[in-house]
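Let's take a walk through a protein model together.

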Amino acid sequence: MCRKRLLGHWVFALCVILLGSVGQPSNAQSRPNFLLIVVDDMGYSDLASFGGEIETSAIDQLAKEGLRLTSFYASPSCAPTRSMLMTGTDNHIAGLGNQKEAMTDNQIGQPGYEGHINDRVVTVATLLRNAGYHTYMAGKWHLGLEVEQDPFNRGFERAFTLLQGGASHFGDEWMMYANYTPIYREDGVRSHVPYDFYSSEFYADKIMEYIDSVKDGQPFFAYLSMTAPHDPLHLPDDWLDRYRGRYDSGYEKLREERLERMKSLGIVPDGTELSRPAPMISKWNSLDDSQRRYSSRRMEIHAGMVENIDHHLGRVFDYLKRENKYDNTLILLMSDNGASPTEVHNYPGTTREWHQRNSDNRFENMGQRGSRISIGSAWALASNTPLRHFKGVHAEGGIRVPFIVSGPGVTRTGQIDSAFTHVTDVAPTILEMAGVSQPDPDKFAERDVSPMTGMSMRPFLSGKADSVRDADDAVAWESLGWRAVRQGPWKAVWLAEPFGPNDWQLFDMASDMSERNDLANAERAKLGELILIWEDYADDVGVVLPMSTIGLDD
């Protein structure tokens, strides 16, 4: 039954694409602009409009003008999310079945495991540019290092990008890592950032520069891909102390405070409980005074980075208003995954010992040049209140992220909705609102092109539909051998120890978004159905489970 249903959805999607489901309006002025904003490793409850205490006035105003989605899902890590965002299809189809640095021997060379965006997919930028849109990007790419994988060659006419997953937020790129040199390119040509560079400010400036550079009346698609608040935690000097002392009561108290605000806002149901902490998280009162002081400082800087993002997004929004473009711009904002639990800042080619020798992580230098600090698992859990776990894990704290959409075509202004939505839905939504067809294999005869599998949110955003997916539609995940599938209110998830039992668990998201009550034994038939759906998904997208994953069956 489930296998036939999924096959039917694939066939229907392919038919829609082959027929050219949406026409392209001839009047360019009638088409909306798009500003797609991705924040890196921001927690589910960091924004004030999602229950946080961080000052995010520009984003909060966007939320009031638009719609907040509280059941929007991404991948548990950066690159897979971005591959799905750009292509509207699963990351295993797009080439990011695993990130290159984590690839195991049995995955190397397999289809979907190229470690970069492949030729089986067409980016939303390519499709929009072919339809007359100007396409701009500033920020993190993380979908390939080679020139042919560069955003400038995947649909963006102007692009300033960091090609890897992270770097210093300052202009000290040349001294930050051992055997890991950040690569920046502008319009496909190697570039370098200035010494007074700060990432969020620079990328906001670039996206405004690109939009302002052409005034021919054609619409634009702008992708603003922030690298903050991804580690290393860095802030300009005049932002360092905005949250001084705010987190001295600890992460457990912060979780309680955020949960109460989330309930009062309607982000979570009244009966929601906090998830249980992972075993590696120490009680706040078990830390000594020095440990507490150092720990709370990390969260202070993280919070400052989130507010700083908001400040620069406010500048972008003000620019669009001055240019009379704001009212005709659909703005979509999301985090790429949950907050990161990294305890010791580290990157490929660097070791813990190298960081200890070369980092200035003294308390008085935290957040400044030369420091390499991360938020840590306890504060990441607080940032993801009330969800279980964090980035890298298929629990809700890794994959459920804040999402705000506002602008033309969104009539449900000021509302909050728990409709189940997914990152692959973004590209089909943008294309339908632009009046641009999804990839047509006939127009890409030189290679096989995979259809988009996401669903357009347009009817839902306009109030013509109550949901994006019906109760039978399913979405599945896999990375590093860890697995999940959601269908309607049900979620099955397979996590390795210490984050799970090395086995499948089952949760009812309608009543238990914190994943406290495992129903695997009580609802064995439902769990069996979801496992079959996941197995069908794995066959469809070509999942290659890593041989080294703990607890995998033979």
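Here is a tour of a sheet, some helix contacts and a few curious spots in the loops.

First, the ground rules. This is a predicted model, in which local features need pLDDT of at least 70 and side-chain atom pairs count only at pLDDT 80 or more, while totals for chains, interfaces and linings use all residues. Residues are numbered from 1 along each chain as its sequence is written, and side-chain values use heavy atoms, with hydrogens and water left out. As for the labels, helices (H or I, at least four residues) and strands (E, at least two) are DSSP runs, numbered from the N terminus.

Let's begin with the sheet. Strands of a sheet pair through backbone hydrogen bonds, either parallel or antiparallel. Which order do the strands take here? This open sheet has four strands in the order S12-S13-S14-S15, and the pairing is antiparallel. Its edge strands are S12 (474-479) and S15, each of which pairs on one side only. Pairing has a rule of its own: two strands pair if DSSP finds at least two bridges between them. On average, neighbouring strands of this sheet are turned by 10° against each other, direction ignored.

Now look at the individual pairs. Strand S13 (residues 482-487) is joined to S14 by five bridges, and the two run antiparallel. In that pair, Arg486 sits opposite Lys491 of S14. Helix H14 (residues 524-541) packs on the sheet and touches S12, S13, S14 and S15, where contact means heavy atoms within 4.5 Å. The direction of H14 makes about 115° with that of S13. For such angles, axes are lines fitted to C-alpha atoms, for helices over the stretch in contact, and angles run from 0 to 180 degrees between N-to-C directions.

Is S15 enclosed or open? Five of the six residues of S15 (residues 503-508) are buried, so this strand is largely enclosed by the rest of the structure. Buried here means under 20% relative accessible area, exposed means over 50%, and partly exposed is in between (1.4 Å probe, protein chains only).

Next, follow helix H8 (residues 289-322) and its contact with H6 (residues 199-213). Their axes are 9 Å apart and the helices pack at an angle of about 15°. H6 and H8 are therefore roughly parallel to each other; angles under 35 degrees count as roughly parallel, over 145 as roughly antiparallel, 65 to 115 as roughly perpendicular and the rest as oblique. Among the residues making the contact are Ala204, Ile207, Met208 and Ile211 of H6, along with His312, Val316 and Tyr319 of H8. In total, the contact residues divide into eight nonpolar, three polar and four charged. In this grouping, Ala, Val, Leu, Ile, Met, Phe, Trp, Tyr, Cys and Pro count as nonpolar, Asp, Glu, Lys and Arg as charged, and the others, Gly among them, as polar.

H8 also meets helix H2 (residues 57-65). The axes of H2 and H8 come within 7 Å and cross at roughly 55°, and the two helices are therefore oblique to each other. Ser57, Ala58, Ile59 and Leu62 of H2 touch Asp310, Leu313, Gly314 and Phe317 of H8. By class, that contact has five nonpolar, two polar and one charged residues.

Helix H3 (residues 78-87) is mostly covered, with ten of its ten residues buried. Just after H3, Gly88 takes a positive phi of about 70°.

Finally, the loops. Gln107 lies between H4 (91-94) and H5 (124-130), and it is buried, at a relative accessible area of 1%. Its contacts include Asn98, Tyr113 and Pro546.

Most residues other than glycine have a negative phi, and most peptide bonds are trans. What phi does His142 have? His142 has a positive phi of about 60° although it is not a glycine, and at 13% relative accessibility it counts as buried. Leu480, in the loop between S12 and S13, has a positive phi of about 55° and is partly exposed at 39%. In the loop between S7 (220-225) and H7 (251-265) you'll find Pro229, joined to Ala228 by a cis peptide bond with omega about 0°. Pro232 is in the loop between S7 and H7 too, and a cis peptide bond joins Asp231 to Pro232.

Notes:
Lists of a residue's contacts leave out its neighbours within four places in sequence.
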